[in-house]
Amino acid sequence: MTRGYLRTKTLQSAFEESKGQPLEIGAKTVHLAYDVPVEWPSTRAALSFTSFTDTPGQGVCLAMSEGELEINGLRTPTACLWADAVPAIVAIRFLQFPNSSAALRVWNSWRGTTGATLTWTRNAGLVVEAADDNTYRFACSDGIGPADFTDLTFDLKIETATKDTRDTMSLAGRE
């Protein structure tokens, strides 16, 4: 299974060989990062942490391919949410240029011994399952020790608006 495969090779070296493409390890498809499609009228998401290890500190990084995220009133194209420092459920609003489709790139991170944010090294990766049409379930392995997809687990639910609620006024002049 996964542990036997990883005795001779880390996920990092396997991802380097595959040029970042998903890996089939046992019955699991392991991703370096995962792109969740964000199409209008999707206007928001809810990220809920279900479990995480305390040491090292676990996090989720998010990046929009187009537009911005709004989290706790802050507008940014990228964000890193630490499981031990945010509410159990984090509300995310998508701010996107009109008439564009985008993707939300998701990957896991963890804190190194000096507090630095670490990603995509050694045995880091994530397994993604669709819980339903709009919910993605992530199981993540940090890069420390053998691959263990219980280091961080979370759900990402994309909420679809009943009407087009694009905030075109706030995006004016950014085209």
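A salt bridge here is a side-chain nitrogen of Lys or Arg within 4 Å of a carboxyl oxygen of Asp or Glu. The model is predicted: local features need pLDDT of at least 70, side-chain atom pairs count only at pLDDT 80 or more, and totals for chains, interfaces and linings use all residues. Residues are numbered from 1 along each chain as its sequence is written, and side-chain values use heavy atoms, with hydrogens and water left out.

**View 1. Salt bridge between Asp35 and Arg105.** The N to O distance is 2.7 Å. Asp35 sits in strand β3 (residues 34–38) and Arg105 in strand β10 (residues 102–111), so the pair ties together parts 70 residues apart in sequence. Strands are DSSP runs (E, at least two residues), numbered from the N terminus. Asp35 is partly exposed, at 37% relative accessible area. Arg105 is partly exposed too, at 39%. The classes are set with a 1.4 Å probe on protein chains only: buried is under 20% relative accessible area, exposed is over 50%, and partly exposed lies in between.

**View 2. Salt bridge between Glu159 and Arg44.** Their side chains meet at 2.6 Å, N to O. This pair links distant parts of the chain, 115 residues apart: Glu159 is in strand β14 (residues 152–160), Arg44 in strand β4 (residues 42–52). Glu159 has a relative accessible area of 24% and is partly exposed. Arg44 is partly exposed at 46%.

**View 3. Salt bridge between Lys9 and Glu17.** The closest N and O atoms are 2.9 Å apart. Lys9 is partly exposed, with 24% relative accessibility. Glu17 is exposed, at 56%. The structure holds seven salt bridges.

**View 4. The largest nonpolar core, with 31 residues.** A nonpolar core is a set of buried Ala, Val, Leu, Ile, Met, Phe, Trp, Tyr and Cys residues joined through side-chain atoms within 4.5 Å. Leu47, Leu62, Ile92, Leu104, Phe138 and Leu156 touch the most other members. Strand β5 (residues 58–64) supplies the largest share of this core, five residues. A second, separate core has ten residues, including Ala14, Leu23, Ile25 and Ala139. In soluble globular proteins, nonpolar side chains tend to be buried together.

**View 5. The contacts of Leu104.** Contact means heavy atoms within 4.5 Å. Residues up to four places away in sequence are not counted.

Terms used
Helix = DSSP H or I, 4+ residues; strand = E, 2+ residues; numbered from the N terminus.
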